Amino acid sequence: MAREPAQRELKQERAARTRMEILEAAIQLFARRGFLATTMADLSRAIRMTPGALYWHFPTKEDLLLAAIEELHQRCLREFQPLGDLRQPPAMEQLQRISERAHRFLREHREYGIFFAMLAAEATDSNDQVAEAIREKLDLYAKTLEGIIRHGQKTGDFRQDVDALHTAHSLLGGFLGVLVHQNLFRASMDFDLPVASLSRLMTAGIGSTSAAE
């Protein structure tokens, strides 16, 4: 009798590992090809799994996409959680810390940012549920940036003439956009340089003149 719970636990662990392998392959493929061009057959070949076994884990491509979005979101949360309370002063330092962490994180996992950018572009007019899932995650990140910007405006670190919400979305979109652009020019353009340039423009553009003096 004792063997049955152990066997059940082993099967659950194996199923969890398989699920994670599927999600990792999906993230890589969707980032490279987009979700419209990627089929479940492509994914089953990539992970050397029969289509039937893949459909057992994820009945539809949409289910797989939504699970991949949530998995990446959890990875992002784990990556940025150590930064602590981002409402604490000074706001410019907090913004720079986020920028530096995002730079390192996306250098190691460039496909994560491209995945979000590709899905955001494709899902807008093709899949409402996927588009809403992407919007929900990106909106959470933008709200964090918005809070820092508003705090910086109160303390005088940031300019008063910028709209915090739209600036936050512009900063987030800038990071995703530069990833896609650099990926296109990756044969002749190093990853670090355009991302670092964007970070400098970001902090210089939002900082108040009085705080810099």
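## Starting at R107

R107 lies in helix α5; helices (H or I, at least four residues) and strands (E, at least two) are DSSP runs, numbered from the N terminus. This is a predicted model, in which local features need pLDDT of at least 70 and side-chain atom pairs count only at pLDDT 80 or more, while totals for chains, interfaces and linings use all residues. Residues are numbered from 1 along each chain as its sequence is written, and side-chain values use heavy atoms, with hydrogens and water left out.

How exposed is R107? Its relative accessible area is 42%, so R107 is partly exposed. The scale calls a residue buried under 20% relative accessible area, exposed over 50%, and partly exposed in between (1.4 Å probe, protein chains only).

Which residues does R107 touch, leaving aside its neighbours within four places in sequence? They are F191 and D192, where contact means heavy atoms within 4.5 Å. R107 and F191 are 84 residues apart in sequence, yet their C-alpha atoms are 7.1 Å apart in space.

## The whole chain

Let's step back to the overall layout. The protein chain has ten helices and zero strands. Of its 213 residues, 42% are buried. Take the contacts between residues at least 6 apart in sequence: 69% of them join residues at least 24 apart.

## Helix α8

Helix α8 covers residues 164-184, which is 21 residues. The expected span of a helix is 1.5 Å times one less than its number of residues. For α8 this gives 30 Å, and the end C-alpha atoms are 30 Å apart, so the two agree.

At the start of α8, a side-chain oxygen of D163 comes within 3.2 Å of the backbone nitrogen of L165. Several residues of α8 are buried, among them A164, L171, F175 and Q182. The cover over the buried residues of α8 includes α5 (91-108), α6 (110-123), α7 (128-155) and α9 (192-206).

## Where α4 meets α6

Helix α4 (residues 61-80) packs against α6 at an angle of about 135 degrees, with the axes 11 Å apart. Axes are lines fitted to C-alpha atoms, for helices over the stretch in contact, and angles run from 0 to 180 degrees between N-to-C directions. This angle makes α4 oblique to α6: angles under 35 degrees count as roughly parallel, over 145 as roughly antiparallel, 65 to 115 as roughly perpendicular and the rest as oblique. On the α4 side, the contact is made by L65, A68, I69, L72, H73 and R75, and on the α6 side by Y112, F115, F116 and L119.

## Two loop residues

T38 sits in the loop between α1 (3-33) and α2. Is T38 buried or exposed? It counts as buried because its relative accessibility is 0%. A polar atom of the T38 side chain lies 2.7 Å from the backbone oxygen of G34. Leaving aside neighbours within four places in sequence, T38 is in contact with L29, F30, R33, L43 and K61.

R48 is found in the loop between α2 (40-46) and α3 (51-57). With a relative accessible area of 78%, R48 is exposed. The phi of R48 is near 55 degrees, a positive value in a residue other than glycine. Most residues other than glycine have a negative phi.

Technical notes: Polar contact = N/O pair within 3.5 Å; in protein donor to acceptor, adjacent residues only side chain to side chain.
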